[in-house]
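Here is a short briefing on one protein chain. Look at the sequence and the structure first, then read the points below.

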Amino acid sequence: MTDKPADPQAKPRLVPCPHCGGDSLYAPSNPYRPFCSERCKNLDLGAWASENFRVESEAPPDDQPFGDPRQQ
Ligand SMILES: [Zn+2]
């Protein structure tokens, strides 16, 4: 009777790609995990970065250490 304990860490798993929802191999052989491909990873990170940039640009300008030089 061969009874090997199942080790989920050692076994590559298929997870849904966060970008396209397709099958993505969650394993060291997939450098883009949890995404399915480089394209999905780049697209998703690009969307995240642009969203983050937009939020950051909405910060009030008077939060900057250098104010109007004419006031000094
Ligand atoms: Zn994908």
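This is a predicted model: local features need pLDDT of at least 70, side-chain atom pairs count only at pLDDT 80 or more; totals for chains, interfaces and linings use all residues.

Along the sequence, the elements of the chain come in the order β-β-α. The points below take the strands, then the loop and helix, then the chain as a whole.

**The two strands**
- Strand S1 covers residues 13-16, and strand S2 covers residues 23-26.
- S1 and S2 pair in the antiparallel sense, and four bridges link them.
- Within this pairing, Val15 stands opposite Ser24 in S2.
- Pro16 stands opposite Asp23, which is also a residue of S2.

**The turn between the strands**
- S1 and S2 form a hairpin, with six residues lying between the two strands.
- Gly21 is in the turn of this hairpin, and its phi is positive, at about 80 degrees.

**The loop and the helix**
- Helix H1 spans residues 38-57, and a loop lies between S2 and this helix.
- Pro34 is found in that loop.
- The peptide bond that joins Arg33 and Pro34 is cis, with an omega of about 0 degrees.

**The chain as a whole**
- The chain has 72 residues, and buried residues make up 7% of them.
- Among contacts in the chain with a separation of 6 or more, 8% are between residues 24 or more positions apart.

Terms used:
Residues are numbered from 1 along each chain as its sequence is written. A residue is buried if 20 or more other C-beta atoms lie within 10 Å of its own, exposed if 12 or fewer, and partly exposed in between; C-beta atoms are placed from the backbone. Two residues are in contact if their C-beta atoms, placed from the backbone, lie within 7 Å. Two strands pair if DSSP finds at least two bridges between them.
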